[in-house]
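Dear colleague,

I am handing over the structure below, together with some notes on what was found in it. Please read the notes with the coordinates open.

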Amino acid sequence: MMKWNNTIIYIFRFIIFVLIQGLVLNHMNISGYLNPLLYVMFILLLPFNLAKQWVLILAFVTGYAVDLFSGTPGMHAAALVLIAFLRPFLIDALTRQDDLEAGASPTIQDMGFRWVFTYSAILVVVHHTVFFFIESFRISEFFQTITRSLLSSLMTIVLIMLIQFLFFSGSGSKRKFT
Amino acid sequence: MRNLILFLWRNNFFFLFLLLEVLAVYIIVQENYYHKNVFIHSSSQITGKIYEITDDITGYFKLKKTNTELAEENARLRNHSDYAFMKTPLKTIRHKDTLYHKYMEFIPARVISSSVSRRNNNWMINKGKNQGIEKNTGVISSNGVIGIIVEVSANYSLVQSVLHKQTTLSAMLKKNKQKGFVTWPGVNYRKGELNDIPSHVNVQEGDTIVTSGNSLLFPENILIGTVLDVVLEQGKSFYNIDIKFSEDYNNSEYVYVVTNLMKGEQQDLLERRDDEVE
């Protein structure tokens, strides 16, 4: 029963992240350089005990769904699958195996602020850099693209930490969304 | 064989990753090379619907500005219509007008999904094949050039906007008809570049840039923007010109799809020449 509840929460989260990305963030324009891609957080938030093969498949589906809304076929999917591939290695590098409790998720509540920040920051920067380079696909725009990826990453990381604090920090609505 | 399968199985995580990555790259490449928006095609009915609903809501916030713009355009059109001209019939001449062929047709449409923040911005409009829209036709608005239709489904079309790496507009300076082309270098959606204007031409800040009519997509003299900044690097024979787009792409809403009725004939002519050269 518990397991099904979790699945429904993740499906719900998937829809929310894709819609927020497709309908709000894609149309937000602060400057040409700020272009947050918050949907990465869906993959970042998947529980540790989910098989990594599933994470790959979910990453492809999520990326593809965002692609549908952005008119950028395959680009989000390519960048997000790479993140799903790197994720288990990064988790191994950042954590000792016995620190991972059964059923833990990468949230502030379970892992603490420092861990979540490092983990999110590394993956977001890699994802944004890869994505913006695939999108521009020109070496002549190198510096423009790199500035774009770094500034957008910064904004995405701020948004991710904000959401972590609001919903996943354990205070207040305890365990409601995790 | 058994060893191969074992090897694949042991590294299934890596190979699954590879498979999905190759699939994604395949989709990207196919899109870029053949311009076939296969998957937007099949999904545009769903995403198109969602976009239409959200746009119905957000559209209300822009109503006032849109109304003013439409009123202005109406006024402009009225100025061109028959009753704006005084008739002084000294002599009546009847003739069948065969000098003027109608060669451009305009279909009004509404932008239901747009973006300006990406390097390549594709927009969606709410008219499609059923409303007579064809692939490879131009899209303009009352303020300027919007883009080119690259894909049509039954009721929606996809516009490759001016804010796209692959969009090149054939343009000219209005005052002296010097031709060049306009591209978008990215980042700032208000600014573009005008290239290929030779250095002997007199270009001033504030000069108007319009479409040249050389391409088969746009009629002549559609506004594109104005010159912001002119730079001539030493030893170069062409100017680097920054322009300001006349259209504010962040709030484009009502647009016109331009169909060139003579396009078939023009293309035919070009192809015939190509055949002869071969």
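A crossing of two helices is called left-handed if the near helix is turned anticlockwise from the far one by less than a right angle, and right-handed if clockwise. This is a predicted model, in which local features need pLDDT of at least 70 and side-chain atom pairs count only at pLDDT 80 or more, while totals for chains, interfaces and linings use all residues. Residues are numbered from 1 along each chain as its sequence is written, and chains are lettered from A and ligands numbered from 1 in the order in which they are written.

In chain A, helix 6 passes helix 7 in a right-handed crossing, where helices (H or I, at least four residues) and strands (E, at least two) are DSSP runs numbered from the N terminus. The axes of helix 6 (residues 113-136) and helix 7 (residues 142-167) of chain A come within 8 Å and cross at roughly 145°; axes are lines fitted to C-alpha atoms, for helices over the stretch in contact, with angles running from 0 to 180 degrees between N-to-C directions. Sorted by class, this contact has 10 nonpolar, 10 polar and 1 charged residues (Ala, Val, Leu, Ile, Met, Phe, Trp, Tyr, Cys and Pro count as nonpolar, Asp, Glu, Lys and Arg as charged, and the others, Gly among them, as polar).

Between the chains, 29 residues of chain B are in contact with 27 residues of chain A, a contact being two C-beta atoms, placed from the backbone, within 7 Å. Helix 2 of chain B gives the most to the side of chain B that touches chain A, with 11 residues, and that side has 14 nonpolar, 11 polar and 4 charged residues.

Chain B has 5 helices and 12 strands, and buried residues make up 33% of its 278 residues; a residue is buried if 20 or more other C-beta atoms lie within 10 Å of its own, exposed if 12 or fewer, and partly exposed in between.

With best regards
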